[in-house]
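Let's take a walk through a protein model together. Have the sequence and the 3D view open as you read.

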Amino acid sequence: MATKIFSSASPVISASATRTPLLPKAALASRLLGTSLAAAVSVLTMAPALPAAGEAFKIYYGTAASAANYGGYGGNSDRKASAEYVYDVPEGWKERLVSKVEKGTNGTDSEFYNPKKRTEKEYLTFLSGFRQLAPRDIILNNLALSDVDLQDLIATADKVVSEEKKDEAGQVYYLYEIDGVGMHSLITVTCARNKLYAHFVNAPTPEWNRDHDTLTHLRDSFKTVSSS
């Protein structure tokens, strides 16, 4: 039986209409580290991601390399062997080259988009220096401190719903669904290897309504890779 990811019983995070000044990557890391993990953890097994009917996907292997070690597109390293996370990408979507400056300032590590609608996309950001997650509302609000689009989406959202999951190994993932004005966003956050990883799947409302199953599959496909 499929696990219901979001329910009416899930906590709803309030949306403030006031935009918060953006924080640089180092300051954001300090803010996120300021709060410890909540004592109570809801243990819900994460169901395996199932492909949407008729869709084809490829697996992206992300390395989350630091800006100092960033080799750019088409490096010679074995990406699969050095991967820290994976997620599925629909066939036909294009990869956007992330610059070294962008990686160093906001932690963006990878991004893919639908060439027919560039605002329908998925991407991943990471921050170093995290051993555990802060409470769900703290994490989402602080991620928005370095992302003006996420700030606006939360501020104008009709609803922001969050859920806490554990995978088979006991790793905690926070799942957020933001139903904004003209835009929908699915965000998954977790900690591993002393890093915080945030995976985003964004789509305008018409594309969300059309591609709901595919976009949900992209969200569910994200996971970190064991270092063992």
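## Ground rules

This is a predicted model, so to speak of a local feature here we need pLDDT of at least 70, side-chain atom pairs count only at pLDDT 80 or more, and totals for chains, interfaces and linings use all residues. Residues are numbered from 1 along each chain as its sequence is written, and side-chain values use heavy atoms, with hydrogens and water left out.

Helices and strands are DSSP runs numbered from the N terminus (helices are H or I with at least four residues, strands are E with at least two). Buried means under 20% relative accessible area, exposed means over 50%, and partly exposed is in between (1.4 Å probe, protein chains only).

## The nonpolar cores

A nonpolar core is a set of buried Ala, Val, Leu, Ile, Met, Phe, Trp, Tyr and Cys residues joined through side-chain atoms within 4.5 Å. The largest one here has 24 residues, and Ile139, Leu150, Ile178 and Val189 have the most contacts inside it. Among the elements that give it two or more residues are helix 3 (136-143), helix 4 (148-155) and strand 8 (183-192). Which strand gives the largest share of this core? That's strand 7, with four residues.

Apart from that core lies another, of 21 residues, including Phe57, Tyr60, Leu175 and Ala203.

## Rings that pair up

Rings of Phe, Tyr and Trp (its six-membered ring) pair if their centres lie within 6.5 Å; planes under 30 degrees apart are stacked, over 60 edge-to-face, and the rest tilted. The structure holds ten such aromatic pairs. Take Tyr60 and Phe112: their ring centres are 5.1 Å apart and their planes sit at 70°, so this pair is edge-to-face. Tyr60 belongs to strand 1 (residues 57-62) and Phe112 to strand 4 (residues 108-114), so the pair ties together parts that are 52 residues apart in sequence. Tyr60 is buried, at 9% relative accessible area, and Phe112 is buried too, at 4%.

Ring pairs also build a cluster out of Tyr60, Tyr85, Tyr87, Phe112, Tyr173, Tyr197 and Phe222.

## Salt bridges

Side chains of opposite charge can pair when their charged atoms come close. A salt bridge is a side-chain nitrogen of Lys or Arg within 4 Å of a carboxyl oxygen of Asp or Glu, and the structure holds eight of them. One joins Lys195 and Glu84, with the closest N and O atoms 3.1 Å apart. The pair links distant parts of the chain, 111 residues apart: Lys195 is in strand 9, Glu84 in the loop between strand 1 and strand 2 (85-90). Buried or exposed, these two, Lys195 and Glu84? Both are buried.

Glu111 and Arg96 meet in another salt bridge, at 3.0 Å from N to O. Glu111 is buried at 8% relative accessibility, whereas Arg96 is partly exposed at 23%. Arg136 and Glu164 also pair up, their closest N and O atoms being 3.2 Å apart. Arg136 sits in helix 3 and Glu164 in strand 6 (residues 159-166), so parts 28 residues apart in sequence are tied together.

## A bent helix

Helix 5 bends by about 85° at Asp211; the bend is the angle between axes fitted to the seven residues ending there and the seven starting there. Arg219 is part of this helix, which spans residues 205-221, and it is buried, with 4% relative accessibility. Other buried residues of helix 5 include Trp208, Leu215 and Leu218.
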